[in-house]
Amino acid sequence: PPQMHITKNYLADQGAISATTKVPLILGIWGPKGCGKTFQTELAFRKLGVEPVVMSAGELESETAGQPGRLIRERYRKAAELSKTRGKLSCLVINDLDAGIGRFGNTQCTVNNQIVIGTLMNICDDPNRVSIGANWRESDYIKRVPIIVTGNDFSTLYAPLIRDGRMEKFYWQPQRDDVVAIVWQMYKEDGVSKRDIETLIDTFGNQALDFFGALRAATYDAQIREWMHGVAGAPLHDADEARVKEVNKRLLSQKDLPEFEPVPLTLADLLAEGRRLVGEQEAVNQGRLGELYMKGVVWGEDALGGWSSSEDSGDEEPRAGRSLLG
């Protein structure tokens with residue numbers, strides 16, 4: 001989808017597609033958490049030779065009214081200039097758009113939220129005329145640049161922004177074969193067979209793709225721990241303060257740093273580490289430390305998912321709350 005969207009928009013800008021055909025400027029890639037949306041998008045960029053200009057949801061709010069909207073227009077024009085001057089395909093990418101301007105429960109819609117929505121809608125309607133100054137110049141004509149946004153739930157976005165004329169939507173939820181192929185790319189240099197990968201995925205079938213990435217990264221923990229013990233002279237909880245600071249010095253000076261080799265992995269090791277990570281997830285879900293700080297107030301099931309307390313409802317005991325992680 002990213003490659004098709006970028007190609008279609010550049011063809012529309014060059015007149016290869018009739019001007020009467022409305023080509024959506026935005027491609028919205030959405031789906032469950034950790035399912036590889038950003039990874040697959042970046043892979044498509046590399047395959048097509050695209051140099052994206054990237055924004056995050058954290059840049060869509062500011063203490064200054066209008067600043068995020070202006071920033072979007074600046075980044076859009078930067079992508080257009082990049083395409084014009086360097087002769088390379090470019091696009092504007094906004095990651096986790098729903099986290100920045102989505103409406104969740106009783107969250108407040110700020111002026112900047114409204115300006116960002118209006119800015120994106122305006123760019124979609126006239127992608128070749130995007131001004132960042134107060135003075136409008138009739139000759140200020142820029143190249144059309146496709147926009148790609150990612151998110152988890154686009155139903156939280158303003159409906160006119162995501163209508164078909166402005167945004168083409170693609171729901172990304174990889175099937176088992178897709179997951180096997182992606183995870184196999186992570187582990188194929190580690191001596192693990194494809195059948196082992198299938199067993200691993202079937203064992204942790206309800207986990208997102210980033211779980212298997214974290215599992216792969218955790219295999220270096222033993223090597224890193226051994227190096228830290230060697231620098232400190234003893235296990236860190238036994239080392240004196242001066243030797244512990246030696247680790248700090250090595251990292252800051254970037255001298256005498258080790259080169260870690262990939263660890264030969266076995267299915268048993270991966271399953272054991274996976275169960276440990278699952279145990280950490282369950283500990284978070286079962287902890288509910290927030291209830292200790294807000295006794296009598298739990299996450300209720302009433303309208304809009306608002307906070308409700310046993311005092312308000314007249315119950316003698318607090319109602320069972322829902323995990324903050326879902």
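1. Contacts of His5. In this predicted model, His5 touches Pro24, Leu25, Ile26, Leu27, Pro146, Ile147, Ile148 and Glu168, leaving aside residues up to four places away in sequence. His5 itself sits in helix H1, which spans residues 2-13.

2. Burial of His5. The relative accessible area of His5 is 0%. Because buried means under 20% relative accessible area, His5 counts as buried.

3. Polar contact of His5. A polar atom of the His5 side chain lies 3.5 Å from the backbone oxygen of Ile147. Ile147 is also among the residues that His5 touches, and strand S4 covers residues 147-151.

4. Strand S1. This strand runs over residues 26-30 and is mostly covered, with 4 of its 5 residues buried. Ile26 and Leu27 are among the contacts of His5.

5. Pairing of S1. S1 pairs with S4 in the parallel sense over 5 bridges. With strand S5 (residues 167-171), S1 likewise pairs in the parallel sense, over 5 bridges. Ile29 stands opposite Thr150 in S4 and opposite Phe170 in S5. Glu168, one of the residues touched by His5, falls within the range given for S5.

6. The chain overall. The protein chain has 13 helices and 7 strands. It comprises 326 residues, of which 36% count as buried. Among contacts between residues at least 6 apart in sequence, 71% join residues at least 24 apart.

Methods: Residues are numbered from 1 along each chain as its sequence is written. This is a predicted model: local features need pLDDT of at least 70, side-chain atom pairs count only at pLDDT 80 or more; totals for chains, interfaces and linings use all residues. Side-chain values use heavy atoms; hydrogens and water are left out. Helices (H or I, at least four residues) and strands (E, at least two) are DSSP runs, numbered from the N terminus. Buried means under 20% relative accessible area, exposed over 50%, partly exposed in between (1.4 Å probe, protein chains only). Contact means heavy atoms within 4.5 Å. Two strands pair if DSSP finds at least two bridges between them. A polar contact is a pair of N or O atoms within 3.5 Å; within protein, one must be able to donate a hydrogen and the other to accept it, and residues adjacent in sequence count only if both atoms are side-chain atoms.
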